[in-house]
Amino acid sequence: MVMGTSVLSLRIDRDLLERLRHQAAKRGMSVQDHVVRTLIRDDFDQRFQAAVEETERFYGSPDPGDGDQVRPSAGIR
């Protein structure tokens with residue numbers, strides 16, 4: 001699978017940029033890589049939550065009194 005790239009230009013607050021630089025440096029990353037990874041993670045979280053909700057709609061929500069069943073959304077919300 002070949003993926004293309006595009007350019008996204010942003011204007012951000014100086015303080016935010018400094019925080020991003022600090023966070024990226026702690027992880028040994030560039031600001032660009034840190035921001036892209038954050039966006040990818042957020043996109044995954046949203047898609048995963050939508051899949052969990054769709055699964056719950058399809059199978060029905062588990063009975064809250066059933067202590068043996070682990071909800072797929074545990075820890076996501």
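Colleague: Is D43 buried, partly exposed or exposed, and at what relative accessibility?

Modeller: D43 counts as partly exposed, because its relative accessibility is 37%. Keep in mind that this is a predicted model.

Colleague: Which residue does D43 form a salt bridge with?

Modeller: R47. The closest N and O atoms of the two are 2.9 Å apart.

Colleague: Where do R47 and D43 lie?

Modeller: Both lie in helix α2. They are four residues apart, about one turn of the helix. R47 counts as exposed, because its relative accessibility is 51% and exposed means over 50%.

Colleague: How many salt bridges does the structure hold?

Modeller: Three. Another one joins R57 and E54, with the closest N and O atoms 2.8 Å apart. R57 and E54 also lie in helix α2, three residues apart. R57 is exposed at 58% relative accessibility, and E54 is partly exposed at 44%.

Colleague: And which residue pairs with E18?

Modeller: R21. The closest N and O atoms of that salt bridge are 2.6 Å apart. E18 and R21 both sit in helix α1, three residues apart, about one turn of the helix. E18 is partly exposed, with a relative accessible area of 41%. R21 is partly exposed too, with 42%.

Colleague: Let's stay with α1. How many residues does the helix have, and how far does it reach?

Modeller: Helix α1 covers residues 14-26, which is 13 residues. From its first C-alpha to its last, it reaches 18 Å. That is close to the 18 Å expected at 1.5 Å a residue.

Colleague: What caps the N-terminal end of α1?

Modeller: D13 does. One of its side-chain oxygens lies 2.8 Å from the backbone nitrogen of D15.

Colleague: What follows α1?

Modeller: G28 follows α1. The phi of G28 is positive, near 70 degrees.

Colleague: New topic: aromatics. How many aromatic pairs are there?

Modeller: A search of the whole structure finds two. Take F44 and F48: their ring centres are 5.9 Å apart and their planes are at 25 degrees, so the pair is stacked. The cut-off for stacked is under 30 degrees.

Colleague: Where are F44 and F48?

Modeller: Both are in helix α2, residues 31-59. They are four residues apart, about one turn of the helix. F44 counts as partly exposed at 45% relative accessibility, and F48 counts as partly exposed at 33%.

Colleague: Why is the F58 and Y59 pair edge-to-face?

Modeller: The ring centres of F58 and Y59 are 4.8 Å apart and the planes are at 90 degrees, so the pair is edge-to-face. F58 and Y59 are both exposed.

Colleague: Which residues make the nonpolar surface patch?

Modeller: L8, L10, I12 and L16 make it. The patch is about 380 Å². I12 is in the segment before α1. I12 is partly exposed, with a relative accessible area of 37%.

Colleague: Now zoom out. How many helices and strands are in the chain?

Modeller: Two helices and zero strands.

Colleague: What share of the chain's residues is buried?

Modeller: Buried residues make up 12% of the 77 residues.

Key
Residues numbered from 1 in each chain as written. Predicted model: local features only at pLDDT ≥ 70, side-chain atom pairs only at ≥ 80, totals over all residues. Heavy atoms only, no water. Phe/Tyr/Trp six-rings, centres within 6.5 Å; stacked < 30°, edge-to-face > 60°. Buried < 20%, exposed > 50% of the residue type's maximum accessible area, 1.4 Å probe, protein only. Expected span 1.5 Å × (residues − 1). Polar contact = N/O pair within 3.5 Å; in protein donor to acceptor, adjacent residues only side chain to side chain. Patch = residues over 30% accessible without salt bridge, like charges linked within 9 Å, V, L, I, M, F, W, Y side chains within 5 Å. Areas by Shrake-Rupley, 256 points an atom, 1.4 Å probe, with all protein chains shown as cover. Salt bridge = Lys/Arg side-chain N within 4 Å of Asp/Glu carboxyl O.
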